[in-house]
Amino acid sequence: MYGGIAGVNTIFSALRALLFAFGTVRAATVIHERLLQHVLRGTVSFFDSTPIGRIINRFSSDLYCVDDFLPFILNIFLANVFGLLGMLVMITYGLPLILPVLLPLAVLYYYMQRFYRHTSRELKRLHSITLSPIYSHFSETLTGLSTIRATRHADRFAEECESRMELNQRCLFSSNSAVQWLDIRLQMIGVMVVTAIAIIALIQHQRSSGDPGLVGLSLSYALSITGLLSGLISSFTQMEAMMVSVERAEEYSTTIPSEPTQGSVTVQPHWPERGHIEFRHATLCYRPGLPNALDGVSFTIRAGEKIGVVGRTGSGKSTLFLALFRMMELNSGSILIDDVSTQGLSLDVLRSRLAIIPQDAFLLTGNVRQNLDPLSYHNDAELLDVLKQCHLTEQVSRMGGLDSDVGERGKNFSLGQRQLVCLARALLTDAKILCIDEATASVDHQTDHLLQGTIREKFWERTVLTIAHRLHTIMDSDRVLVMHAGKVAEFDSPAILSSNKNSHFYRLIHSANLEAPDNGQ
């Protein structure tokens, strides 16, 4: 009999462990993939309005609870539930008079855990919320560490970090205190249960009714009921508190606005073939209540033109590129490339057919080959050719070739060399339209000269839009687009605009102490 019970227990324990291992891993995988997909497809406005620490917190602390702590607590809770049921069956079978005592105790247990659950759940939520500013502050501190040390503000940042950690630890301390509060009361109720069982056993013995062996068995179970009840309530309340992490992960899966991925328009494999761009009354607002970043913008860029885009800070220069790549959706109006509306295209098609050199060069952590050709569309000969065109052959050879590591965020390259890597990446796309977003704003004049020379040589027959920080880089453009307060203020050749003393471009030139180009340029 004992051997049979032990065998059945072993089988069911192994089955429970197997089901939990499979089920919890599957559930955690689904939650992680769903969260990752929604974050990766989130709109630019979401990332602009959400601190990075809040996102990191979801993928670190919250997913750790989902992956590790929650399955562990859930397993304990279910084990305690079935253990308590078996124990209650044994106690009531040996001491039937215990039932009238257990019913009011069950009601007391219910109201106690109900009171505690609301508190513990909110304390867990506060602990998770106060963890996000710590991640944000730590990430921002690492990014600007050299500036912090140069300005001698390390002590201030250390104090701010300690202050945020102190707030987080207060929430954790309060949560631990609430656990101790519950544990004391559960222990007291457990003592009441054991006492009641002992008194009922004496009464039953005086009446000489019942089996003394069953009474002794009931008492032996009753001695451990305190710990079991305490474990049951604690595991249940902790499990509910850990479900806050699931709630926070699922919140991002349902509330993050996602970019549209599918398109209703199909284009030829070599689209765009000319590089003709047309903005028609394009209006864009970043968020409701803010002024329009683009306010009825209309202009046409002919195929193969070199266009310089200038304007004061906040005039809408970079917003033009965001709208062109559909990083932000237009509120009204349209953008046409080779007479095809970009709003009807899928994002994969649109963004893969355009090339951009951003102001802040972005390099992946990996080797040179992965940064030039992430999808492995080109062979090594083509990669080495674009490196030669961008004057990077010597540097890459010195590092060890295409398989050499670029370092975290491309730290093995200088700032100018990172921009040249981005230019090489743009050359590989063979795109008819190239967008340059102040790519030379932070590089030296020699690198600036190399960039401009390569662009003029390799993109001479393609459409190039350049947001200019240094105005001399766009003085030889075919036309200059001057943006002001989200509108097109001027759009003409640099020679004509610079000769008009009332033009915005004229004032920009003279504020930068540049010489106006000749009319014959």
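Contact here means heavy atoms within 4.5 Å. Axes are lines fitted to C-alpha atoms, for helices over the stretch in contact, and angles run from 0 to 180 degrees between N-to-C directions. Helices (H or I, at least four residues) and strands (E, at least two) are DSSP runs, numbered from the N terminus. With that in hand: helix α8 lies across β1 (277-284), β2 and β4, and runs at about 75° to β2.

Now the ground rules. This is a predicted model, where local features need pLDDT of at least 70 and side-chain atom pairs count only at pLDDT 80 or more, while totals for chains, interfaces and linings use all residues. Residues are numbered from 1 along each chain as its sequence is written, and side-chain values use heavy atoms, with hydrogens and water left out.

Start with the four-stranded sheet. It is open, ordered β2-β1-β4-β5, with antiparallel pairing. Two strands pair if DSSP finds at least two bridges between them. The edges are β2 (294-301) and β5 (340-341), each pairing on one side only. Strand β4 (residues 332-337) joins β5 through 2 bridges, running antiparallel. There, L336 stands opposite S341 of β5.

Look at H281 in strand β1. H281 is not a glycine, yet its phi is positive, about 50°. The peptide bond from W271 to P272 is cis, omega near -5°.

Strand β3 (residues 306-311) pairs with β9 in the parallel sense, over 5 bridges. I307 has R479 in β9 as its bridge partner.

At the β10 end, β9 (residues 479-484) and β10 (residues 487-492) pair antiparallel over 5 bridges. V482 has E490 in β10 as its bridge partner. The two strands form a hairpin with 2 residues between them, and A485 in the turn has a positive phi of about 55°.

Now the helices. Helix α3 (residues 52-94) has 43 residues. The expected span is 1.5 Å times one less than the number of residues. Still, α3 bends by about 40° at F69, and a proline, P71, follows within four residues. The bend is the angle between axes fitted to the seven residues ending there and the seven starting there.

A salt bridge is a side-chain nitrogen of Lys or Arg within 4 Å of a carboxyl oxygen of Asp or Glu. The count comes to 18. One of them pairs R58 with E251, closest N and O atoms 3.1 Å apart. R58 is in α3 and E251 in helix α7 (residues 212-255), so the pair ties together parts 193 residues apart in sequence.
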